Amino acid sequence: MNKIVLPATNVAQQQCDVFLHHEYVYVKNLNLNFPMALRRKKQQAPVGEKGIRIVTGDVMLIGPYQVQVTLMDYEGNIV
């Protein structure tokens with residue numbers, strides 16, 4: 001498992017899980033006491049326990065952080 005550490009008091013120790021499901025990448029919030037959101041272009045949606053699909057160019061809003069999403073295939077090509 002890969003980990004990203006975001007040191008802040010309003011971010012959970014294990015905030016979210018990014019996972020592959022049927023060839024698509026999703027993110028789900030592991031601790032709803034610490035809300036997070038996904039911004040795609042001008043739209044923004046909360047990330048819940050069920051997960052939401054992420055694509056290159058999305059931004060995950062986690063506490064005070066904005067995490068830019070770039071997805072790559074196994075050869076290093078951006079998808």
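Visitor: Which residue in β4 does A37 stand opposite?

Guide: This is a predicted model, and what follows is to be read as such. Strands β3 and β4 run antiparallel and are joined by four bridges, and in one of the pairings R39 has Q44 of β4 as its bridge partner. The residue of β4 that stands opposite A37 is P46.

Visitor: Which residue takes a positive phi in the hairpin of β3 and β4?

Guide: The hairpin of β3 and β4 has two residues between the strands. A positive phi near 55° is found there, and the residue that takes this phi is K41.

Visitor: What is the strand order of the open sheet of four strands?

Guide: Besides its pairing with β4, strand β3 pairs with β6 in the antiparallel sense over four bridges, and β6 (residues 59–62) is in turn joined to β7 by four bridges, again antiparallel. The edge strands, each pairing on one side only, are β4 (43–46) and β7 (65–68), and the twist from one strand to the next averages 25°. Read across the open sheet, the order is β4-β3-β6-β7.

Visitor: Which residue is the bridge partner of M60 in β7?

Guide: Strands β6 and β7 run antiparallel and are joined by four bridges. On its other pairing, with β3, strand β6 has I62 opposite M36. For M60, the bridge partner in β7 is V67.

Visitor: Which elements give two or more residues to the largest nonpolar core?

Guide: The largest nonpolar core has 12 residues, namely V11, V25, V27, M36, L38, V47, I54, M60, I62, V67, V69 and L71. One of these members is V67, which, leaving aside neighbours within four places in sequence, is in contact with L6, D58, V59, M60 and I62. The elements that give two or more residues to this core are β2 (24–29), β3 (36–40) and β6.

Visitor: Which strands stand at the edges of the open sheet of three strands, each with a single partner strand?

Guide: The open sheet of three strands has antiparallel pairing, and within it β1 and β2 pair over six bridges, with K28 of β2 as the bridge partner of D17. Read across the sheet, the order is β1-β2-β5. Each edge strand has a single partner, so one side of each is left without a neighbour in the sheet, and the strands in this position are β1 (16–21) and β5.

Visitor: With which residue does D58 meet in a salt bridge?

Guide: The count of salt bridges comes to one. The pair links distant parts of the chain, 18 residues apart, with D58 in the loop between β5 and β6 and its partner in strand β3. The two side chains meet at 2.7 Å, N to O, and the partner of D58 is R40.

Visitor: Which of the two, D58 or R40, is buried, and which is partly exposed?

Guide: R40 has a relative accessible area of 36%, and R40 is therefore partly exposed, since that class lies between the 20% and 50% limits. D58 has a relative accessible area of 1%, and apart from residues up to four places away in sequence, D58 touches L38, R39, R40, R53, V67, Q68 and V69. The partly exposed residue is thus R40, and the buried one is D58.

Technical notes
Residues are numbered from 1 along each chain as its sequence is written. This is a predicted model: local features need pLDDT of at least 70, side-chain atom pairs count only at pLDDT 80 or more; totals for chains, interfaces and linings use all residues. Side-chain values use heavy atoms; hydrogens and water are left out. Two strands pair if DSSP finds at least two bridges between them. Axes are lines fitted to C-alpha atoms, for helices over the stretch in contact, and angles run from 0 to 180 degrees between N-to-C directions. Contact means heavy atoms within 4.5 Å. A nonpolar core is a set of buried Ala, Val, Leu, Ile, Met, Phe, Trp, Tyr and Cys residues joined through side-chain atoms within 4.5 Å. Buried means under 20% relative accessible area, exposed over 50%, partly exposed in between (1.4 Å probe, protein chains only). A salt bridge is a side-chain nitrogen of Lys or Arg within 4 Å of a carboxyl oxygen of Asp or Glu.
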